[in-house]
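Subject: Structure handover and findings

Hello,

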Amino acid sequence: MNPAKRIFLIHATRIAIDPIGAAFAQDWPEAQCFDLWDDSLSKDAGKAGGSTPALDQRIQDLAGHAFRADADAVLFTCSAFSSGIEACQRRYDRPVLKPNEAMVREALAHGGRIAALTTFGPAGAAIVSDFEGEARRLGQAVDITPILCEGALSALHAGDQASHDAVIAAAAERLRGDYQVLCFAQFSMTSAKTASEAAWGDAVLTTPTSAVAELRRLLES
């Protein structure tokens, strides 16, 4: 019997931890998951309006810690640090996944106009960069629009998940009929999936489910 794979999950906010943990529990319970959490990353990125060279280095330091601890793979769960994560991907020969990477491929496979809901300002630019980069790699065009759900994140930080989910679902309803694909750009948004699908009228793609499936494919194939 093969030993369980060691997956290190690197978080920049506490609210990403439960959604990815639930996705692993449901879709790959055999994996050993370990959490590295530095919530100063998201706070510093918010103040800076995005990532910076210093923040990118901190991202690389966290990945280095994980691989020194015998990680089979690293999954980042905050979407605001694409450049730092890409540096990790170039540096290490074991899988390093951006939070949105697997979901982006899935959304592009559907085609058409894509809306990516976010609750954290810097995540908008990051998700657009992810979509445009993957589309270039695949040699296809992409029509991606990031949409910030104002007030949802502050509600979640205050412990009001119902309001968080309602704000996101209301945004999904407003977009109904205007886009072919709707996705969430952040792990922390997953609790709004059911309400958003009802408002949107179709499936909503989420980052945790896609990421777990991709990691399992990479490590078990």
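H1 passes H10 in a right-handed crossing. This is a predicted model. H1 covers residues 17-27 and H10 covers residues 207-220; their axes come within 9 Å and cross at roughly 50°. That angle makes H1 oblique to H10.

The H1 side of the contact consists of Pro-19, Ile-20, Ala-23, Phe-24 and Asp-27. They meet Pro-208, Thr-209, Val-212, Leu-215 and Arg-216 in H10. By class, that gives seven nonpolar, one polar and two charged residues.

Which residues of H1 are buried? They are Ile-17, Pro-19, Ile-20, Ala-23 and Phe-24. Their cover includes H10, together with strands E1 (6-11), E2 (32-37) and E3. An α-helix has 3.6 residues a turn, so residues three or four places apart point the same way.

Ala-25 also lies in H1. Ala-25 counts as exposed because its relative accessible area is 54%, over the 50% cut-off. From Ala-25 to Ser-40 is 15 residues along the chain, and their C-alpha atoms are separated by 27 Å.

Other helix pairs

H10 also packs against helix H5 (residues 101-110). Those two axes come within 7 Å and cross at roughly 100°. H5 and H10 are therefore roughly perpendicular to each other. H5 contributes Ala-102, Met-103, Arg-105 and Glu-106 to the contact. H10 contributes Thr-207, Ser-210, Ala-211 and Glu-214. The residues of this contact divide into three nonpolar, two polar and three charged.

Next, H2 (residues 40-48) and H3. Their axes come within 11 Å and cross at roughly 165°. H2 and H3 are therefore roughly antiparallel to each other. The crossing of H2 and H3 is left-handed. Ser-40, Leu-41, Asp-44 and Ala-45 of H2 meet Leu-55, Arg-58, Ile-59 and Leu-62 of H3. Five of these residues are nonpolar, one is polar and two are charged.

In H4, the buried residues are Ser-82, Gly-84, Ile-85, Ala-87 and Cys-88. What covers them includes helix H3 (53-68), E3, strand E4 (96-97) and helix H6 (121-138).

Ala-80 sits in the loop between strand E3 (73-76) and helix H4 (82-91). Is Ala-80 buried or exposed? Ala-80 is buried, because its relative accessible area is 8%, under the 20% cut-off. Leaving aside neighbours within four places in sequence, Ala-80 is in contact with Ser-51, Phe-120, Pro-122 and Ala-126. Ala-80 and Asp-70 are 10 residues apart in sequence, and 25 Å separates them in space, C-alpha to C-alpha.

Domains

How is the protein divided into domains? Domain 1 takes residues 6-99 + 209-220, and domain 2 takes 100-207. The C-alpha centres of the two domains lie 19 Å apart. The contact takes 25 residues from domain 1 and 21 residues from domain 2.

Two buried threonines

Thr-206 is in the loop between helix H9 (193-200) and H10. Thr-206 counts as buried because its relative accessibility is 4%. Not counting residues up to four places away in sequence, Thr-206 touches Met-103, Phe-184 and Lys-193. Met-103 is also one of the H5 residues in the contact with H10.

Thr-118 lies in strand E5 (residues 113-118). Thr-118 is buried too, with a relative accessible area of 2%. What does Thr-118 contact, leaving aside its neighbours within four places in sequence? The list is Ala-123, Gly-124, Ile-147, Leu-148, Cys-149, Ala-185, Gln-186 and Met-189.

Best regards

Terms used. Residues are numbered from 1 along each chain as its sequence is written. This is a predicted model: local features need pLDDT of at least 70, side-chain atom pairs count only at pLDDT 80 or more; totals for chains, interfaces and linings use all residues. Side-chain values use heavy atoms; hydrogens and water are left out. Axes are lines fitted to C-alpha atoms, for helices over the stretch in contact, and angles run from 0 to 180 degrees between N-to-C directions. Helices (H or I, at least four residues) and strands (E, at least two) are DSSP runs, numbered from the N terminus. Angles under 35 degrees count as roughly parallel, over 145 as roughly antiparallel, 65 to 115 as roughly perpendicular and the rest as oblique. A crossing is left-handed if the near helix is turned anticlockwise from the far one by less than a right angle, and right-handed if clockwise. Contact means heavy atoms within 4.5 Å. Ala, Val, Leu, Ile, Met, Phe, Trp, Tyr, Cys and Pro count as nonpolar, Asp, Glu, Lys and Arg as charged, and the others, Gly among them, as polar. Buried means under 20% relative accessible area, exposed over 50%, partly exposed in between (1.4 Å probe, protein chains only). Domain bounds come from an automatic or database domain assignment.
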